[in-house]
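Have the sequence and the model side by side as you read.

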Amino acid sequence: MKCTAKEVLQFAEENDVKFVKLTFCDLFGRQKNVSIVSQQLPNIFDNGYLFNSTAVPGFTDCVGDLLLFPDPKTLTVLPWRPRTGEVVSLLTNIKRPDGSFFAGDTLHLLDAAKGKLSKMGLRCEIATECEFYIFKQDSEGNPTRVPIDRGGYFDSSPDDAGENVRRDIILNLEDMGIVPTASHHEKGPGQNEIDFKPDEPGCAARNLLYFKSAVKNVCHLSGMHATFDPKPLEGKAGSGLRIVLTLSGIGEKASASVLDAFTQGVMQKVREAVPFFNTTPESMLLLDERRAPAQDYKDADRGVYVRRLPCADGMCRIEINSADCLCNPFLAFALLLDAGVYGVEHKCAGKETAFPAAGETLPHTLGQALEIAQKSAWLKSVLSESVLNEYVRVKRAECVQ
C-alpha cells in the first residue's frame with residue numbers, strides 16, 4: 001500500500017491494528033524488526049524509534065544509537081498473524097540522531113541509486129525468480145534435511161508435495177499486495193520456485209524481503225521448514241535468485257548509446273560486487289552449475305553470470321543469474337543500478353553481451369570475491385569504505401568457519 005503517514009494512522013484505527021513491526025534489513029539481508037503498539041506510531045513518524053545499533057550485525061562500527069523512521073509508502077499487512085488485533089509492517093530508514101542517514105541503510109542506498117537513474121532520464125523495473133527448499137520437521141517441530149517430496153522439474157502432484165503450500169504462500173502474498181506470476185516444482189527434491197512480475201526497484205526489493213518471510217511463516221504453520229540456503233543438499237540442485245532489469249526512458253525512448261553504456265557498466269562492475277550477490281561460501285557453488293543458457297560461451301570456465309537479453313527498441317533487459325536469495329535485495333539492486341549509472345557517466349561502450357566472456361573468469365571462492373571487492377574504488381564510493389570493510393570483515397570470518 002502506498003500511503004501517507006496520515007493514511008497509515010487512519011488504516012490502523014479503522015482496521016484494529018494493535019501492533020506495527022518497524023522492519024529493516026541488516027547489511028547481510030537478514031530481516032530485523034521491533035514491534036510497537038500502534039498508539040506510538042504518530043510519535044515515531046515524527047521522532048523515530050531509538051535502538052541499540054551495536055547489537056545489529058554489520059552496524060557494529062556505529063558509535064551510539066540509531067533511529068528507525070518508518071516509510072508510510074511501505075505499509076504491509078502480515079496475513080499469517082491473528083486477524084483480531086491486526087499486525088502490519090513498515091519498512092524503515094535508519095538515521096543518526098543528527099538526522100543524517102546511516103551509511104549502512106540499504107533502503108536509502110537504493111533510493112539514492114534510483115534518484116541518480118531518474119536524473120539521467122531513465123527508469124528501471126526489476127523482476128525476480130526465487131528458489132527454495134521445503135523440508136519436513138521432526139516430531140518435536142525441529143527442522144530436518146528430509147525433503148517433503150522426491151519430485152523434479154515441473155512435476156505435478158502427488159510427486160510435487162509443495163503444490164498446496166505454494167498456493168497458500170501466493171494467497172498470503174496477494175493479501176500483502178504482492179502479486180507473483182508463476183510457481184512450480186524445481187529440479188531438486190522438495191525444491192520450489194516462485195516468480196514475480198517486474199516492478200520498480202524499491203517495490204521489487206520489498207517484495208523479495210516479505211516473500212522470504214511469507215514462505216518461512218506459511219511453511220512453519222503447515223508443519224514444514226523452508227530454507228533459502230544456496231546448497232542445502234549435497235549433490236542436488238542449488239537454490240538461486242534470477243534478477244532481470246528492464247531499463248527504459250522516462251517519457252521518451254532512451255538512446256541506444258545510453259542503454260549500451262548502462263549495460264556495459266553492469267558488465268564491467270559486477271565482478272567487483274559478486275560477494276553481495278553470492279553471499280556465502282556455498283553460494284559460490286551456484287556459479288559452477290551453469291544456471292543460465294551458455295551455448296555461446298562454451299570456452300568459458302564458468303556459466304554466464306550476466307547477459308543482455310533481446311528487447312524492443314528504446315529499452316534494454318539485463319539478466320543476472322546465479323545470485324542467492326540470502327542477499328540483501330536493497331543492497332544488491334542498488335549496486336546493479338549504480339553499476340549502470342557508472343557506465344553512463346563514464347560513457348562505457350563495448351560489444352560484449354555477457355559476462356564472463358571467453359577469457360574472463362569469476363572468482364572461484366568467496367574469499368577471492370571479497371579480495372576483489374575490498375580493492376574496488378567504485379564500491380567504496382557507493383557504499384563508503386567503512387560499510388565495505390565491515391561487510392568484508394564479517395564475510396571473511398564465515399569463510400574460515
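S322 is buried, at a relative accessible area of 6%; buried here means under 20% relative accessible area, exposed means over 50%, and partly exposed is in between, using a 1.4 Å probe and protein chains only. Before going on, note that this is a predicted model, where local features need pLDDT of at least 70, side-chain atom pairs count only at pLDDT 80 or more, and totals for chains, interfaces and linings use all residues. Residues are numbered from 1 along each chain as its sequence is written, and side-chain values use heavy atoms, with hydrogens and water left out.

Back to S322, which sits in strand β14, residues 315-323. Strands (E, at least two residues) and helices (H or I, at least four) are DSSP runs, numbered from the N terminus. What is phi of S322 near? It is near 70°, a positive value in a residue other than glycine.

K347 also has a positive phi without being glycine, this time near 50°. Look for K347 in the loop between α8 (329-345) and β15. Is K347 buried or exposed? With 68% relative accessibility, K347 counts as exposed.

Now for the peptide bonds. Going from F355 to P356, the bond is cis, with omega near 0°. P356 belongs to the loop between β15 (354-355) and α9 (366-374).

Another cis peptide bond links S157 and P158, and its omega is about 5°. You'll find P158 in the loop that runs between β8 (143-147) and α4 (163-175).
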